[in-house]
Amino acid sequence: MQMSKLYQAKHELWLSILFASFAINDKQIKRDLYNFSTIEFRHMKWVGGDVLKSGDDYNYDRTKTLKKSETVFEVLNHLLVELKETALLYSDNVLDTRMKTDENYIISYITALLEEKKNDAEVTAFNMKRTYADKELPKEQIDALTMFLFEESYKEYELILVYAYMQARTENITHFNVFQDLIDESHFHLQSFGEMMAKMGILALPRELHELTYKVKDIQKFVVDGIAEEEAAKEMCRSLSGAIEDDGLKRFFDFVNYQESYHIELMKRLL
Amino acid sequence: MFENVKMPEGMNPEVLEHLMAPKNYGKLDDANGIGVAVDEKTGEYVIFYINTDGDIIKDVRYATNGCQDTVVVGSMFSEMVKNQNIDYGKKAISKMELKLGGLTPKQRICTDMVLEAFVASLINREHLLRGEKEEVHIIKMKESCEVESE
């Protein structure tokens, strides 16, 4: 089994569990799946470290798509299949054994959910209704919000993976810590935007990253471009906050806007 | 021949579909033409892959780190040229360019980047057919999509 193939499977499994957590409305299941997805992200990081140590390399290619399920049980059954497929890729080393035991627990958790009919419910994350919860927003505001969510959910996913790629290859402690902070912040943003997309019925996986995006040759230029992108994201948050007639959403976009400001400060430490 | 070609004007269900699941997105391992259009000012790029059999564009892929307008245009344009001949592909460029009038300056530049990447892939294919060694043909964009913020 090629370790880079295992890396791809872990990457896809992380996304599947993460997006299942966005898709399901039940708060407890959502929380549990989100927590499992963070474990999967760490698995992916550990596998990536081992790939690099072995002198090989990995990429961010994916083949799996997000199934537009209509019920919670459909979502959970898809996850079970993917977890069981991934289990076939493990060998007997310490890391694989750890990942296997983690996933055996997740499988038992999902199996228990599937035994209780009351856990099944409609999934509205893919119905394309484009209404934001119970709020009545004009069409142009819904359009602006839709575009923002697609734009920014991709950007957060891109940032997580690009920073993780660079973090795995740096020996500079300051850079390592800055990358970790930025990854953590982007996880939170991706979660926030993913939840909003699910509420609007437009949940979709971010598109794949091409290697031209994450194989950074000039870190200085990357950081300067990244700061310009953060500025653009701040501007989008500011204009959405100004345009959307809803106090809760306004507060949220102001909150994200100020977080982007500090990202710029963090990024400057990479220069 | 282009009756059903629509540009992204507002958020209609078709545009939403392209946003949620862009068509022909990714890499093409057996490409015989690879082109990149890059905006050096912002670092944004579009990479376009083609696989041709004679004059027929049998398969296409594209990828970008650009905005969602670029993604939607790439998805629509790649569907237009897939399984068509190269001549059709070149005409499709003109057709798309004719429709640029209704777009914002930023959308127009995003669209140009997709079309230029396709042109670059055709140039790369020609170079390879002539026996030249060129991994990828790169076209640097004259205009930057920072245009609106300036």
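**Helix packing and overall fold**

Modeller: This is a predicted model, and in it helix α1 (residues 3–23) of chain A packs against helix α2 (residues 27–53) of chain A at an angle of about 165 degrees, with the two axes 8 Å apart.

Colleague: So how does α1(A) run relative to α2(A), roughly parallel or roughly antiparallel?

Modeller: Because angles over 145 degrees count as roughly antiparallel, that angle makes α1(A) roughly antiparallel to α2(A).

Colleague: And is the crossing of α1(A) past α2(A) left-handed or right-handed?

Modeller: The crossing in which α1(A) passes α2(A) is left-handed. As for the residues in the contact of α1(A) with α2(A), 15 are nonpolar, six are polar and four are charged.

Colleague: What about overall size, and how does the radius of gyration of chain A fit a compact globule?

Modeller: For 271 residues a compact globule would have a radius of gyration near 18 Å, and the 19 Å of chain A agrees with that. Along the principal axes, the C-alpha atoms of chain A fill a box of roughly 55 × 55 × 25 Å.

Colleague: How many of the residues of chain A count as buried?

Modeller: Of its 271 residues, 37% count as buried. Turning to contacts in chain A with a separation of 6 or more, 77% of them are between residues 24 or more positions apart.

Methods:
Residues are numbered from 1 along each chain as its sequence is written. Chains are lettered from A and ligands numbered from 1 in the order in which they are written. This is a predicted model: local features need pLDDT of at least 70, side-chain atom pairs count only at pLDDT 80 or more; totals for chains, interfaces and linings use all residues. Axes are lines fitted to C-alpha atoms, for helices over the stretch in contact, and angles run from 0 to 180 degrees between N-to-C directions. Helices (H or I, at least four residues) and strands (E, at least two) are DSSP runs, numbered from the N terminus. Angles under 35 degrees count as roughly parallel, over 145 as roughly antiparallel, 65 to 115 as roughly perpendicular and the rest as oblique. A crossing is left-handed if the near helix is turned anticlockwise from the far one by less than a right angle, and right-handed if clockwise. Ala, Val, Leu, Ile, Met, Phe, Trp, Tyr, Cys and Pro count as nonpolar, Asp, Glu, Lys and Arg as charged, and the others, Gly among them, as polar. The radius of gyration is taken over C-alpha atoms; the globule rule is 2.2 Å times the number of residues to the power 0.38. A residue is buried if 20 or more other C-beta atoms lie within 10 Å of its own, exposed if 12 or fewer, and partly exposed in between; C-beta atoms are placed from the backbone. Two residues are in contact if their C-beta atoms, placed from the backbone, lie within 7 Å.
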